[in-house]
Amino acid sequence: SSRVLWTLAVTQLKPRARMELFRKLGVQKKFHLLPQNLHNPKKGIYQQLNQQLMRWCEGFEGVLIAYDEIEVPNKIATILDDSPYIHLDVNFSATVFTPKKDAKLNGVVTQVGASHVGILVFGTFNGSISRKQLPPTFKYNESDESFRCSKTGFVLHAGTRHAS
């Protein structure tokens, strides 16, 4: 199987002053392709990128959502010592979901338990809100598996739309 080594040089294509949840990044990455990809390096590049879709990537500080504009600037690859891998520099654009601590995200509550609230953000990403992170006015009700705010009467249960 292909080995992915995320040593990245990342530049933001659309700089913004405010924090964004999704960013479009310009990426320069060294790919390590198996010899079977020598006749078609882009196939190996696509395979490696596809394996990273919808997964957290430390280099991006987020989840790779999509990629495009793949370019191999130098058509010459290198082989180091006795390694079977072909090393190739690649440039591409990446769309990354980059939530930050304390960001406000809209979601739908999927599960309520005594210790946490499960939430689905953008219909795709699972999150969890610890009971400790809820305001102290929210009390757990075991009979209907919900949290109720003692001040407002608001009930947090599965199916509730919520900004976390």
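Is proline 73 buried, partly exposed or exposed? I looked this up first: proline 73 counts as partly exposed because its relative accessibility is 46%. My cut-offs, with a 1.4 Å probe and protein chains only, are under 20% relative accessible area for buried, over 50% for exposed, and partly exposed in between.

A note on the source: this is a predicted model, where local features need pLDDT of at least 70, side-chain atom pairs count only at pLDDT 80 or more, and totals for chains, interfaces and linings use all residues. Residues are numbered from 1 along each chain as its sequence is written, and side-chain values use heavy atoms, without hydrogens and water.

Next I placed proline 73 in the loop between β4 (62-71) and β5 (86-97); strands are DSSP runs of E, at least two residues, numbered from the N terminus. Not counting residues up to four places away in sequence, proline 73 touches Asp89, Val90 and Asn91 (heavy atoms within 4.5 Å).

Then I turned to the rings. I count a pair of Phe, Tyr or Trp (six-membered ring) when centres lie within 6.5 Å, calling planes under 30 degrees apart stacked, over 60 edge-to-face and the rest tilted. The count comes to eight aromatic pairs. Phenylalanine 31 and phenylalanine 92 sit edge-to-face, 6.3 Å centre to centre with 65° between the planes. That pair links strand β2 (residues 22-33) to strand β5, 61 residues apart, and both phenylalanines are buried.

Phenylalanine 97 and phenylalanine 125 are stacked, at 4.1 Å and 15°. Phenylalanine 97 is in β5 and phenylalanine 125 in β8 (residues 125-130), so this pair ties together parts 28 residues apart in sequence.

Conventions. Helix = DSSP H or I, 4+ residues; strand = E, 2+ residues; numbered from the N terminus.
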